[in-house]
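Hi,

Here is the structure I promised to pass on. Have a look through it first, then read my notes below.

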Amino acid sequence: METLERIIQEHPFFAGLGDEFMDLVSGCASNVRFAKDAYIFREGQAANTFYLVREGNVSLEIYAPQRKPIVVATVGVGEVLGWSWLLPPYEWKFNAHATANTRAIALDGKCLREKCEKNHDLGYEFLKRFAQIVVNRLEATRFQLLDVYSAQK
Amino acid sequence: MTAAAAQLDAMVPCPGVVRQVAKDTPDTFTLTVSRENEREQNAFKPGQFSMLWMFGVGEVPISISGDPANCDQLTYTVRSVGKTTEALVSHKPGMSIGIRGPFGTGWPMEAARGREVVIVAGGIGLAPLRPAIYEVLNHRDLYGRLVLLYGARSPRELLYRKELAAWARQPNTQVLVTVDYGGLGWHGNVGVVTTLFKSAKLQPANSIAMICGPEIMMRFVTRQLGECGVTTESTYLSMERNMQCAVGFCGHCQYGPHFICKDGPVFPYAKIRPLLDKHEL
């Protein structure tokens, strides 16, 4: 049976993270499941967790009045869901909607924030990793905004 | 000039009859055309294109999007974006058009044998890649895993939706589709095509990649392939410019030292990489 430590260690997000940090991270981790159509978090709620998606698919949605939610991106297997836990005001900016039965490792952001404050080396490792995710999402968003598939008459 | 001589002249269109016009998306149609002459003339390599002539309107280069094993007809997927393409998709079965070609280099199907074939398509760029997909699926034992990553603007602009589902059911085949804007009723991926690479689990040492789509998208994709470990030598792109004569005479499609019509449209990335980085080319 796979242990939480093993799963976390093998996740690409934690690739290269020193053993000295793994215990600190694993101590804040738990296994979670979400049924299809469950909301993992909602816009405006306190953001104190992030997730390593192991199975399933999650839509990031934004609520619009008098219409159904708009999906801005999807997060799938092997990806990280949520970074609002890392920086103030620690509030989710989107809804996260499981569009399939979803399994994930939940990492307690509050617990990790405290550990990062105490251990700045761990904090730097987290910031480097999340900065990469943020950069990738920003590039993808710019690419999306270019609307490259539109017809150019 | 005799009919036989005319067939050999790349500048003379052969008559063809439109057999079917099927609507794929709100502005994209697939035409099935048969030539009035020999069946052999319909033979083509995946990635090649024809010049289609609408009498009294004009001529346009259109990639062949059908099955290379089917020599009874030629298939073209056309996006209606101008006068000539609008005329082309307005044709009814039984009407005539002129056809020149096939022209250009094709996808590197020989080099792909025994390797993982990674196909990355954006928008209507799936059309010139479809013959390569047919080729792999028709000769499944000759090729390794087939990975198709396809991005489109929205669900209603996805081409060949039924085929995408059928290809995904084939053994040793992974089909991942995403759209930039999901909209209601879409339960698939939302995001640009490069976001699919995380789920593709490529075997870069043995991969060969074929890309077709808007040039900006291809630049993003080549960068992503590089990050995944696929070499520039194993990456191929289909380029697009203003092709008119299709045989390298007129120079309209000159791209640095190359003519897209004659030396392309499919190029090894390693060969054109410096040109892709040149602005205003």
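What does the accessible surface of chain A come to, and how much of it belongs to carbon and sulfur atoms? The surface comes to about 8,500 Å², and 53% of it belongs to carbon and sulfur atoms (areas are from the Shrake-Rupley method with a 1.4 Å probe; for residues, only the protein chains shown count as cover).

Some ground rules before the rest. This is a predicted model, where local features need pLDDT of at least 70, side-chain atom pairs count only at pLDDT 80 or more, and totals for chains, interfaces and linings use all residues. Residues are numbered from 1 along each chain as its sequence is written, chains are lettered from A and ligands numbered from 1 in the order in which they are written, and side-chain values use heavy atoms, with hydrogens and water left out.

**Confidence**

The predictor gives the complex an ipTM of 0.80 and a pTM of 0.88. Chain B has an average pLDDT of 90, with 96% of its residues at 70 or above (pLDDT is the predictor's confidence in each residue, from 0 to 100). Watch residues 1-7 of chain B, though: pLDDT stays under 50 there, and the model has six contacts for them beyond four places in sequence (contact means heavy atoms within 4.5 Å). Where pLDDT is low, the predicted coordinates should not be read in detail.

**Chain A**

Chain A has four helices and eight strands, in the order α-α-β-β-β-β-β-β-β-β-α-α (these are DSSP runs numbered from the N terminus: helices are H or I with at least four residues, strands are E with at least two).

Now try the loop between β6 (80-81) and β7 (95-98) of chain A, where you'll find Glu91(A). Glu91(A) is partly exposed, at 35% relative accessible area. Leaving aside neighbours within four places in sequence, Glu91(A) is in contact with Gly44(A), Gln45(A), Ala47(A) and Ser84(A). Pro89(A) is in the loop between β6 and β7 too, and a cis peptide bond with omega about 10° joins Pro88(A) to Pro89(A).

Asp147(A), in the segment after α4 (120-146) of chain A, is not a glycine but has a positive phi, near 50°. Asp147(A) is buried, at 17% relative accessible area. Most residues other than glycine have a negative phi, and most peptide bonds are trans.

**Chain B**

Chain B is divided into domain 1 (3-103) and domain 2 (109-238) (bounds come from an automatic or database domain assignment). The contact between them takes 19 residues from domain 1 and 15 residues from domain 2.

Is helix α4(B) enclosed or open? Eleven of its 13 residues are buried, so α4(B) is largely enclosed by the rest of the structure. Among them are Leu126(B), Arg130(B) and Tyr134(B).

Tyr160(B) has a positive phi near 50° and counts as buried at 7% relative accessibility. Finally, the peptide bond from Gly264(B) to Pro265(B) is cis, with omega near 5°.

Cheers

Conventions: Buried means under 20% relative accessible area, exposed over 50%, partly exposed in between (1.4 Å probe, protein chains only).
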